[in-house]
Every structure is written in C-alpha cells, then in structure tokens.
Amino acid sequence: MPATAYEIPHLTVEDFLGLPVRIGASISPDGTRIAYLAPWRNRLNVWVTGIGTGEQPRRVTAEALRSVRTYHWTDDPRWLLYEQDRDGDENWRIYRVDLENPDAEAVELTPFPGVRAMGLEMPVTWPGRAILRLNGRDPAEFDLYTLDIATGELTMLARNPGLVADLICTPDGDVCALALTADGYIELSQWDVGTGALRRVRTFDGADHPMGVRPFQLTPDGTGAWIGSSRGSDRTRLVRLDLTTGAETEVDSHPAHDLDTRSAVHPEVPSPLIIDRCTGDLIGVRYLGERQVIHPLDPHFAAVLENLEQLSDGDLAAVSSDVCGQRWVVSFTHDRAPGITYYYNHSTGESRMLFRPYPHLDPDFLAPMTPVTIPARDGLDLPSYLTLPVGTDPTGLPLVLLVHGGPWTRDGWGFHPVVQLPANRGYAVLQADFRGSTGHGKAHLKAGIGELAGKMHHDLLDAVDWAVKEGFADRDRVAIVGCSYGGYAALVGAAFTPTSSRPRSTSAARPTSSPSCARRRTSRSRTC
C-alpha cells in the first residue's frame with residue numbers, strides 16, 4: 001500500500017546538517033589500522049582503531065575549537081599528520097601525531113603565525129619526507145620546502161622567484177614552475193635553482209585549459225606529469241605531459257564524459273586520479289557524466305574495482321589501501337546513503353560495512369535524485385538533476401530551483417542536505433547545469449561567455465518551464481535559491497523575472513528514469 005505524506009518523518013535541520021558520527025576513513029600503509037573523523041566536544045577529531053587486533057578506537061587529536069577536516073597517513077604508520085588553522089584564518093598549519101605514544105600531544109611542525117602551509121605531498125620516492133609550500137618570507141609568494149616528518153626539520157628547496165603560482169619538485173630534485181603570463185595564459189617552465197634561469201617548456205592556451213591545468217600529478221619517475229587536457233577535443237581527457245619537451249601523449253579518455261576535476265574546487269571530492277600507494281603508478285581514472293565512471297588502468301586494480309563496486313549501488317568515492325593493495329577502505333557517494341563506508345580484503349574476499357556517517361537518516365525516507373536532460377530554448381542540452389519528495393504524489397508540487405555557485409563548477413549525483421531538506425518538506429528540487437557550467441565539454445562551458453544574466457538565466461527559466469510542463473511543478477510556487485553565483489542568479493531572477501517565465505512549448509526531456517516512473521515513486525520502494 002502506498003505510503004502517505006504523514007508516514008514520512010519530519011526531519012530537522014540538525015538531522016541533515018549536524019556532524020556525522022564517523023566519516024573520512026582510511027587505512028594505514030601496513031593495513032593494521034583505520035583512521036577516521038568523529039566528534040569530540042562537538043568538533044571532528046581524528047580517531048584510530050585496529051583491524052582484527054582488538055585495539056579499541058581511541059582519539060589521537062584534541063581540537064576543541066574547530067573541527068579537523070584533513071589528515072594524512074605517512075609512509076611510516078607511527079606518524080599521522082593533520083592540518084588545522086586558528087580561528088578560521090585559513091592559515092593552515094601541519095601537526096604530527098605519534099601513534100606509538102598515546103600520551104604525547106600533537107607536535108606543530110609549521111609553528112609560524114600568519115603563515116599558510118599548502119600543497120602537502122608525500123612522494124613515494126622520498127620516504128620519510130613531505131613536500132609543502134609556505135609563504136613565511138612573503139605573504140604573496142609560496143616557497144617550496146621539504147619536511148623531515150620524524151625530526152620536523154624544514155629545508156627550503158626553492159625560493160619563489162616572484163609571480164610564480166606553484167613550484168613543483170621532481171623526485172630528482174629538479175624544480176618546475178607554473179605561472180600566469182601577462183595575457184592570462186599558464187606557463188610551465190623548468191627552473192635552474194642555482195642560476196634562477198627559467199626555461200619555458202609549454203604555454204597552456206586557455207581555450208584548451210579553461211579551468212587551468214587540472215589535475216597536475218607528477219609521474220613516479222619525475223619526467224612527466226598527468227594532466228587534464230581538452231586540446232583538439234571538446235572533452236577533457238587524461239594526457240601525459242613531458243616536462244622537457246611539453247609534448248602531450250594521451251593516457252586515457254571517455255567518449256562522452258569529461259575527466260572529473262571537481263576536486264580542484266571541492267576538496268571533499270576525490271581526485272580523478274587513483275594512485276598506487278606503494279609505487280605511485282596510475283591505476284584508475286574517474287570520469288563524470290550523470291554518474292561516475294571509473295576506468296581501471298591496472299589488472300590488479302581492475303579485479304579489486306569489480307568487487308568494490310558490488311558493495312554499494314552508489315558511486316565509489318574515497319579509496320585507500322595498504323601498500324600491498326590487498327586491504328581496502330572505501331566510501332561511496334549516494335543520494336540516500338551518504339558516505340557509507342566498507343572494509344574489503346582482496347586476498348580473502350572478506351568485506352563488511354564499517355559505518356554509515358548518518359545512521360539516523362533512513363534511506364527509505366530520503367528522496368531519490370534522478371538525472372534528467374532538459375532542452376534549452378536554443379536546443380542546448382542542460383544536464384540536470386530532479387529530486388521528488390517521497391510519500392506524496394509528485395504532481396503540481398512547489399519547486400525549489402537550486403542554482404550552483406561558480407558558475408565554473410557543476411552539480412553532481414549524490415546526497416545534498418540542501419536538496420533533501422526541502423524534499424522532506426514536500427518540495428520538488430531541480431538543479432540545472434546551465435551553460436557556463438563545467439564538466440560537460442568546452443562548448444557547454446564557452447556558451448556561457450558574456451551570458452551571466454542572459455542565456456544562463458534563460459536556461460534556468462527553461463528548466464522551470466520543463467518542470468511545469470511535465471506536471472511536476474506548480475508555476476505559482478517556485479523559489480530560486482543559491483550561493484555565490486547561485487545567489488547572483490537568484491537576484492537576477494527576483495529582479496528580471498519575479499514570476500518566472502510564461503508557459504511555452506518545449507520538447508520533452510530525456511530522463512534516465514522516465515517521468516512516469518518517477519511519479520510512481522509514492523511508496524518507500526527504491527525501484528519502479
């Protein structure tokens with residue numbers, strides 16, 4: 001019998017936006033421990049527990065003012081690093097935790113007031129050391145340092161020559177520089193630290209790299225870098241850049257999807273590159289269309305991936321393994337089971353769920369997110385996501401048009417508290433990747449040039465028109481919500497089209513699940 005509206009519990013803001021009970025798990029390099037974030041004094045801190053050792057969970061950080069958001073296992077399982085700022089100043093400092101000495105306090109490795117540490121890396125070719133950037137000499141310039149993790153000794157590798165956005169150190173100690181040119185291009189140079197001479201290797205045209213050179217990951221031998229490129233193509237693919245000649249060689253691509261580069265803007269999103277923890281080799285690549293697609297580039301990881309993807313019907317998110325690639329801890333992006341986390345042993349086939357970050361959120365009471373494609377008035381396809389409330393007839397509903405920020409980013413399938421909260425109140429929620437959004441090819445991005453309050457706004461109106469025409473939304477009950485560019489779009493909507501646009505004829509959208517299927521979702525069932 002179909003559920004009725006009152007059978008769906010009225011969830012609070014705190015239910016959706018409160019702290020998770022656990023989140024952000026990863027496995028130690030020797031595979032004996034799992035670290036994760038969990039609350040202490042209402043702030044997230046790092047906790048560690050053993051795997052099959054009987055070791056009880058114990059808190060290893062004591063940050064009571066601000067939550068810890070980022071931590072790192074080192075190659076020595078004794079040491080764990082984490083990042084923290086002071087009072088929200090965003091001057092991140094690096095701290096070291098000694099897991100063999102539970103009574104020892106965390107040691108601050110960059111104890112410099114007003115100085116930001118950024119770009120922390122631990123190359124597999126430099127055991128016991130980390131590379132980072134510090135702006136202690138000049139707030140506007142980040143110099144390159146190496147950090148001895150055990151002793152805390154910092155050594156400057158290269159002083160920023162000025163106007164250089166990033167300095168990169170290869171395993172052999174060579175330094176490359178990324179800088180903006182006067183005309184707005186990005187220039188890669190090899191830098192002779194001794195003489196200060198810069199030799200230009202490659203200039204990246206903004207037409208092929210409209211969002212910058214993302215990602216930029218050195219190959220293990222240091223002779224190249226894996227980068228995203230749309231040179232000669234509408235889609236962003238993965239190429240290997242030769243650091244001596246600047247030549248590109250394709251590594252992998254998807255015929256219809258862009259490389260998923262959202263991590264450059266949203267740190268909580270995994271990198272598009274999945275790297276072997278022991279060797280630094282590339283073993284997998286992430287692409288994003290309506291949902292994520294992972295291409296395995298290594299036979300062992302292909303076998304692991306096949307089993308990992310059977311653990312959940314979500315999209316594989318954070319992955320970590322021991323140095324042998326046998327024991328794994330992974331989490332999943334999911335629209336109704338956010339961050340669900342598993343342990344998997346490839347040697348034995350054992351797997352088990354470790355935790356759900358938000359166990360109080362029953363997936364049956366959360367609203368499914370359905371990818372749809374909406375045609376704009378000039379024929380441009382607008383990749384979109386429609387979320388309909390559970391337990392009510394999805395016809396003539398009040399609609400929230402949720403506009404993402406940027407505008408140079410995109411929406412994605414998954415759990416979004418700001419989507420689920422109005423859906424729990426009986427609203428339909430529509431997210432449209434208007435022209436100017438990233439992740440759908442260069443043509444879609446460039447169609448937004450000069451159209452912030454023009455065609456980009458028309459796309460949002462067309463999305464509302466579609467929802468009304470399909471019967472989901474009541475035109476007289478439409479709200480527009482957003483922050484950053486989304487806030488600007490809301491102001492444009494309130495000023496220029498406060499009553500939305502008039503109904504007009506549009507062609508039918510092409511949903512992943514048909515509208516008729518979505519309308520039948522009036523029970524708790526997850527399937528049609």
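**Rings, helices and strands in a predicted model**

Let me start with Y488, which counts as partly exposed at 36% relative accessibility; here buried means under 20% relative accessible area, exposed means over 50%, and partly exposed is what lies in between, with a 1.4 Å probe and protein chains only. Residues are numbered from 1 along each chain as its sequence is written, and side-chain values use heavy atoms, with hydrogens and water left out.

Y485 is buried, with a relative accessible area of 6%.

The rule I use pairs rings of Phe, Tyr and Trp (for Trp, its six-membered ring) if their centres lie within 6.5 Å, and it calls planes under 30 degrees apart stacked, over 60 edge-to-face and the rest tilted. The count by this rule comes to eight aromatic pairs. For Y485 and Y488, the ring centres are 5.7 Å apart and the planes stand at 45 degrees, so this pair is tilted. Together with F434, Y485 and Y488 form one aromatic cluster.

Rings also have charges over their faces, and here I count NZ of Lys or CZ of Arg if it is within 6 Å of the ring centre and within 35 degrees of the ring normal. R96 lies over the face of W79, at 4.5 Å from the ring centre, and R129 lies over the face of W126, at 4.3 Å from the ring centre.

Let me turn to helix α2, residues 299-308, where F301, V304, L305 and L308 are buried. These residues cover an arc of only 100 degrees around the axis, taken from the directions from the helix axis to the C-beta atoms, and this puts them on the same side of α2. P299 and E306, on the other side of α2, are exposed. If contact means heavy atoms within 4.5 Å, then what covers the buried residues of α2 includes strands β22, β23, β24, β25, β26 and β27. The N-terminal end of α2 is capped by D298, which has a side-chain oxygen 3.0 Å from the backbone nitrogen of H300.

Now to strand β31: is this strand enclosed or open to the outside? Seven of its seven residues are buried, so β31 is largely enclosed by the rest of the structure. Strands count as paired if DSSP finds at least two bridges between them, and β31 pairs with β33, residues 473-482, in the parallel sense over six bridges, with L402 opposite V481 in β33. Three bridges also join β31 to β32, residues 428-432, and these two run parallel; here V400 stands opposite V429.

Another sheet is an open one of four strands, in the order β5-β6-β7-β8, with antiparallel pairing. β5 and β8 stand at the edges, each with a single partner strand, so one side of each is left without a neighbour in the sheet. Four bridges link β5 and β6, and H72 has L81 in β6 as its bridge partner.

I will finish with the backbone. Most residues other than glycine have a negative phi, and most peptide bonds are trans. D87, in the loop between β6 and β7, has a positive phi of about 55 degrees although it is not a glycine, and D87 is exposed, with a relative accessible area of 68%. L163 also has a positive phi, near 65 degrees, and lies in the loop between β12 and β13. Finally, cis peptide bonds join R214 and P215, with omega about -15 degrees, and G406 and P407, with omega about 5 degrees; P407 is in the loop between β31 and α3.

Terms used
This is a predicted model: local features need pLDDT of at least 70, side-chain atom pairs count only at pLDDT 80 or more; totals for chains, interfaces and linings use all residues. A polar contact is a pair of N or O atoms within 3.5 Å; within protein, one must be able to donate a hydrogen and the other to accept it, and residues adjacent in sequence count only if both atoms are side-chain atoms.
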